[in-house]
Amino acid sequence: MRIGNRMNKPLAAALMAGIAGLAGPVLAQNSELVVNSAVAPSTLDPAWACGLQEISFLQNFYVRLVQHGTAEGPEGTRVVDYSSIEPYLADSWEVSEDGLTYTFYLKEGFTFESGNPVDAEAVRYSFQRVLDMAGCGRFFLTDGHIDPVIFDSIEAVDPLTVVITLNKPNGNMLGDLATHAASIVDPSIIEANGGVVPGQPNEFMAANVTESGPFLLESYSANQSARMVANPEFAGEAPASDAISVNWITAAPTLLLQARTGQADITFGLAKQAVSTMGNNPGTRVIAYTNPFVQQMMLPNTKAPWDNVLFREAVAHAVPYEDIVERVAYGYGTLYYGPIPPSLPGFNAELSQPVPFNLDRARQLIAEIGIETPVDIEVMIQEGDATQQQLATILQSTWTELGINLNIRVAPAAEFQDLSQSHQVQSLMRLDGPGVFEVGYYWGYDAVCDNPNNLTEYCNPEVDALVEQLRASSDEAERQQIMDDVTEIWRSEFPKILFFEDQPVVVLSDAVSEFTFSPLPDYRYWAK
């Protein structure tokens, strides 16, 4: 177990952590990889984590039953291959003919930092904990099948055998078990620190990890910095780096400067404008990737004024999309409008044409509603997200012409997470996409009724029925027809604003020798 700054480490390590908290970014030794990112994680608990930032960081400290493979990427890098599943803690597995029973045979020798074995009982405890806590992790683990929960039972048959029984077949189950939510945590540490309270987060786990994976967390200063070191007792493949310093830097000029000067080896989260200045910078490489994550504005459909479909349609027409891609994304974005991002299988470009920017149409719709203007609306954005700030500012300026006063609320990571997941905001901006890259999974939380993870609060029973048909079907032609039908229904109801599908850009210093990209970055494959 690592608890923030570990007290039984040498004084130098404690001083380093203290300096990190007081003096800003950690500038690591030359042999150490330095990773800078604009947005910090809000929790370190795999059962509770929802967003990209927390998932990508915490997953490095845990082993899972299975993992995804990798494939060739641009410019000599690699990318995570979400179509492949490989062994990780599980040495092998069997699936029954009816698709209901999964039997996993575990490898020997894996231990937690506490010295306890990473065995079948730890797997059972970890999965049951996720189900009982009923946070975001439950949705990842169950592929969104939570009413009822798709797991009938999880049994530790012996120390090296786990049997999972489902109540219906699910073709994505192995992919779900490769997600952060399936991380194996140390039962003894959790039970000593609050245990499992159904439906509630664990305060201890929000800021601590119980390592079973390739890295140990040597120091952690929330919203500022962390240092992770290779786990010398890890029984799996060792990570490519012995130590990684991570800095979360909300000041955009600082993030850019450290990328330019090589103080950071890997930089995430630069505004696209800043990225556009890096093209000829000596000593660095700028690489763009594709992924189904979308810059969007959630319009909770049950809250005024978003409970009026004509008002939602009006604001959808009041977004200068092409200007945004040019001025905010600097070309690193794909325009579309529909429930399926362009990078997901099933996307139909003909049915997903972008909404045209048309202020006259927006005014006409608002007049048709008869709503009294000015209308005051608050949008929440996350601290440190330069793209969200730019988008909100553009809307703020544009919407004044319609009599809409857009107030921008900037929230720290933890507050943003809490308020958005508890549906306590009038609207919010979010870079969002599926944790499992399949349309049925994505719609399971993004398009169905009464799901707590559906931040648009969109609800159409006809769509729900079609989603169920999609997830039960293996016929490609039938699946495509269902996806097309949902696309047409969804578009007619304007549930939210889609600015663009993001093309993430990573800045690598020339010192980086190994890098694998994933929308949910995995630090195991990075080195200098």
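Tutor: The answer below begins with the core and then turns to the overall fold, the charges and the backbone. The model is a predicted one.

The largest nonpolar core comprises 104 residues. Phe104, Met297 and Trp399 have the most contacts inside this core. Helix H3, spanning residues 120-133, gives the most to the core, namely seven residues. Apart from this core lies another, of 34 residues, which includes Ala40, Leu44, Phe517 and Trp526.

Leaving aside residues up to four places away in sequence, Trp399 touches Met297, Trp306, Val315, Ala318, Val319, Ile404, Leu406 and Ile497. One of these partners, Met297, is itself among the residues with the most contacts inside the core.

The protein contains 17 helices and 22 strands. Its radius of gyration is 23 Å, close to the 24 Å that the globule rule gives for 528 residues, so the protein is as compact as a globular protein of that length. Along the principal axes, the C-alpha atoms fill a box of roughly 70 × 55 × 40 Å. Buried residues account for 57% of the 528 residues. Of the contacts with a separation of 6 or more, 72% are between residues 24 or more positions apart.

As for the surface, the protein exposes about 20200 Å², of which carbon and sulfur atoms supply 49%. There are 27 positive and 67 negative side chains, and the centres of the two sets lie 6 Å apart.

Some backbone details complete the picture. Most residues other than glycine have a negative phi, and most peptide bonds are trans. The peptide bond from Asp147 to Pro148, however, is cis, with omega near 0 degrees. Pro148 is placed in the loop between helix H4 (136-142) and strand E7 (151-158). Ala304 and Pro305 are also joined by a cis peptide bond, with omega about 0 degrees. The loop that holds Pro305 runs between strand E15 (294-298) and helix H10 (309-316).

Asn223, although not a glycine, has a positive phi of about 70 degrees. Asn223 is found in the loop between strand E10 (215-221) and strand E11 (225-230), and its relative accessibility of 41% makes it partly exposed. His423, likewise not a glycine, has a positive phi of about 60 degrees. His423 lies between helix H14 (413-421) and strand E19 (428-432), in the loop, and counts as partly exposed at 22% relative accessibility.

Note on methods. Residues numbered from 1 in each chain as written. Predicted model: local features only at pLDDT ≥ 70, side-chain atom pairs only at ≥ 80, totals over all residues. Heavy atoms only, no water. Core = buried A, V, L, I, M, F, W, Y, C linked by side-chain atoms within 4.5 Å. Buried < 20%, exposed > 50% of the residue type's maximum accessible area, 1.4 Å probe, protein only. Helix = DSSP H or I, 4+ residues; strand = E, 2+ residues; numbered from the N terminus. Contact = heavy atoms within 4.5 Å. Rg over C-alpha atoms; globule rule 2.2 N^0.38 Å. Areas by Shrake-Rupley, 256 points an atom, 1.4 Å probe, with all protein chains shown as cover. Lys, Arg positive; Asp, Glu negative; His and termini not counted. Charge placed at Lys NZ, Arg CZ, Asp CG, Glu CD.
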